[in-house]
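Good morning, colleagues. Please look at the chain first.

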Amino acid sequence: MTESHQHLVRINNLRLAYRIVPGTQPTVVWLGGFHSDMAGTKAQVLADHAQATGGGYLRFDYFGHGESDGDFADGTISHWREDVLAVIDDLTEGPVVLVGSSMGGWLACLAAIARPERVKALVLIAPAADFTEKLMAPRLPEAARAAIARDGAWVRPSDYDEDGYPITRALLEDGARWSILPGPVPIDVPVRVLQGGADPDVPWTHALELANALKSEDVVFTLVKDGDHRLSRPQDLERLVAAVAEARALAQTDEAGGDLVARRLARAARLRGAPNLEALAPAPWASALEE
């Protein structure tokens with residue numbers, strides 16, 4: 001199926017840009033990271049895979065990100081959470097599998113809590129739950145704290161953006177409202193976590209704390225010891241595609257009914273008969289891997 005580019009009109013006529021691949025349910029929904037966009041390598045690889053396999057897939061840019069309207073400096077966790085819920089409610093039907101990277105992992109959890117009847121599985125990549133309060137604020141230098149107190153914002157240098165990006169008082173204060181750690185986190189669906197052991201932004205211990213806090217017993221935590229925050233190397237992308245394929249299969253089984261043991265047996269049976277990862281991966285990977 002061909003991926004189409006469209007816009008969802010939100011509050012005050014602000015538009016969220018999105019790309020959708022029509023296909024079978026459950027629909028996989030990509031949730032990107034803080035100050036990232038839907039054109040990244042991981043999001044593109046999943047789009048290629050959806051087109052190659054016929055699965056439904058949706059990716060979008062939050063308010064103030066990428067191709068969407070709005071000023072990034074005006075964004076908050078509340079605003080971006082509402083974007084995620086609007087996309088699920090207005091652009092998808094039936095069960096969904098949320099794939100969240102970094103901040104997107106936190107938003108995926110918040111959406112799963114808000115829409116338990118729709119969200120049937122999660123794949124979390126370096127999930128940065130509560131990052132504003134637990135990862136960002138403690139690392140701010142004194143000059144940054146002074147600037148935020150005085151001006152309401154500070155421009156943080158970034159390895160991923162030469163211009164940096166603003167950290168605002170509103171972002172930090174609002175983020176604390178949505179804290180989910182230390183838990184328990186009321187999510188009871190299959191969850192797959194991919195985490196780099198050499199991630200400088202989200203320590204693996206932080207991601208493990210989230211995994212342990214989830215109510216679900218069907219949680220698999222994969223530590224890639226030499227992996228960084230992005231996890232975008234060819235071998236990392238193979239793990240991602242495999243995790244998403246497994247999550248879709250588990251979500252389909254859950255929709256058909258059955259308890260946890262039945263889901264695991266069905267998954268094992270499918271994986272025994274599944275093609276290898278090379279066959280699962282679409283040919284268009286080549287261009288994405290060169291980024």
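Because the model is predicted, local features need pLDDT of at least 70 and side-chain atom pairs count only at pLDDT 80 or more, while totals for chains, interfaces and linings use all residues. Residues are numbered from 1 along each chain as its sequence is written, and side-chain values use heavy atoms, with hydrogens and water left out.

Consider Arg10, whose side chain meets that of Asp83 in a salt bridge at 3.6 Å, N to O. Arg10 sits in the loop between strand S1 (4-9) and strand S2 (15-21), and Asp83 in helix H2 (residues 77-91), 73 residues apart. Helices (H or I, at least four residues) and strands (E, at least two) are DSSP runs, numbered from the N terminus. Both Arg10 and Asp83 are buried, that is, under 20% relative accessible area, with exposed meaning over 50% and partly exposed in between (1.4 Å probe, protein chains only).

A second salt bridge joins Arg15 and Asp69 at 3.4 Å, N to O. Arg15 is in strand S2 and Asp69 in the loop between strand S4 (55-60) and H2, so this pair ties together parts 54 residues apart in sequence. Arg15 is partly exposed at 36% relative accessibility, and Asp69 is partly exposed at 22%.

Elsewhere, Asp226, Arg233, Asp236 and Arg239 form a network of salt bridges.

How values were computed
A salt bridge is a side-chain nitrogen of Lys or Arg within 4 Å of a carboxyl oxygen of Asp or Glu.
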